[in-house]
Amino acid sequence: MTTRLTVQPGFPAKSTKVQRSGNTRRKAWLTVFAASALFWVVVALMIWRMWG
């Protein structure tokens with residue numbers, strides 16, 4: 001089965017790029033690090049509970 005994708009001419013010209021401020025990027029990275037830290041704290045507590 002063959003799938004054909006068609007793109008209208010001028011499609012890239014109509015697309016707009018989203019400009020993010022540095023503050024938004026900083027908050028996103030802070031959220032990623034906070035979620036990662038919370039994950040590892042939960043893993044450590046589970047291991048401590050199993051061995052304790």
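Is tryptophan 40 buried or exposed, and what is its relative accessible area? In this predicted model, tryptophan 40 is exposed, with a relative accessible area of 54%. That value counts as exposed because the class begins over 50%.

**The chain as a whole**

The protein chain has 52 residues, of which 0% count as buried. Its secondary structure consists of two helices and zero strands. The chain exposes about 5,900 Å², and carbon and sulfur atoms supply 66% of this area.

**Aromatic pairs**

Two aromatic pairs are found in a search of the whole structure. In one of them, the ring centres of phenylalanine 39 and tryptophan 40 lie 5.0 Å apart and the ring planes meet at 75°, so the pair is edge-to-face. The angle leads to this description because planes over 60 degrees apart count as edge-to-face. Phenylalanine 39 is partly exposed, at a relative accessible area of 48%.

**A nonpolar surface patch**

On the surface, a nonpolar patch is formed by Trp29, Val32 and Phe33, which together have about 350 Å² of accessible area. Valine 32 belongs to helix α2, which covers residues 22-51. Valine 32 is partly exposed, with a relative accessible area of 46%.

| Residue | Relative accessible area | Class |
|---|---|---|
| Valine 32 | 46% | partly exposed |
| Phenylalanine 39 | 48% | partly exposed |
| Tryptophan 40 | 54% | exposed |

Methods:
Residues numbered from 1 in each chain as written. Predicted model: local features only at pLDDT ≥ 70, side-chain atom pairs only at ≥ 80, totals over all residues. Heavy atoms only, no water. Phe/Tyr/Trp six-rings, centres within 6.5 Å; stacked < 30°, edge-to-face > 60°. Buried < 20%, exposed > 50% of the residue type's maximum accessible area, 1.4 Å probe, protein only. Helix = DSSP H or I, 4+ residues; strand = E, 2+ residues; numbered from the N terminus. Areas by Shrake-Rupley, 256 points an atom, 1.4 Å probe, with all protein chains shown as cover. Patch = residues over 30% accessible without salt bridge, like charges linked within 9 Å, V, L, I, M, F, W, Y side chains within 5 Å. Salt bridge = Lys/Arg side-chain N within 4 Å of Asp/Glu carboxyl O.
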